[in-house]
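This briefing covers the overall form, the surface and a few individual residues of one chain. The sequence and structure come next.

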Amino acid sequence: MTSSQNKLDSLTTQITKTNTSNVNLRQEISELTSFDRFSSFAKKHNLKMSDNNVRNISK
């Protein structure tokens, strides 16, 4: 039973680490795809936004 408990603890720890990593990656994606970041990139490269060429996509 101790061996099974150790395996369970190990898997639980691994799941927790994976969940934490997923949360961190989602945050990073959110930051990298923020409107402010795109605006900054566009300004840096002398690009302009045209509302006629913009589509909003939602999940």
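In which helix does Ser 30 lie? Ser 30 belongs to helix H1, which covers residues 2-32. The model is predicted. The chain holds two helices and zero strands.

**Overall form**
- The radius of gyration of the chain is 21 Å, whereas a compact globule of 59 residues would have one near 10 Å.
- Along the principal axes, the C-alpha atoms fill a box of roughly 65 × 25 × 10 Å.
- Of the 59 residues, 2% count as buried.

**Surface and charge**

**The nonpolar patch**
- Phe 35, Met 49 and Val 54 make up a nonpolar surface patch, and together they have about 320 Å² of accessible area.
- Met 49 is located in the segment that follows helix H2 (35-44).
- Met 49 counts as exposed because its relative accessible area is 55%, and the cut-off for exposed is over 50%.

**Ser 30**
- Ser 30 is partly exposed because its relative accessibility is 42%, which falls between the limits of 20% for buried and 50% for exposed.
- Between Ser 30 and Lys 59 there is a separation of 29 residues in sequence, and their C-alpha atoms are 14 Å apart in space.

Definitions and conventions. Residues numbered from 1 in each chain as written. Predicted model: local features only at pLDDT ≥ 70, side-chain atom pairs only at ≥ 80, totals over all residues. Heavy atoms only, no water. Patch = residues over 30% accessible without salt bridge, like charges linked within 9 Å, V, L, I, M, F, W, Y side chains within 5 Å. Areas by Shrake-Rupley, 256 points an atom, 1.4 Å probe, with all protein chains shown as cover. Salt bridge = Lys/Arg side-chain N within 4 Å of Asp/Glu carboxyl O. Helix = DSSP H or I, 4+ residues; strand = E, 2+ residues; numbered from the N terminus. Buried < 20%, exposed > 50% of the residue type's maximum accessible area, 1.4 Å probe, protein only. Rg over C-alpha atoms; globule rule 2.2 N^0.38 Å.
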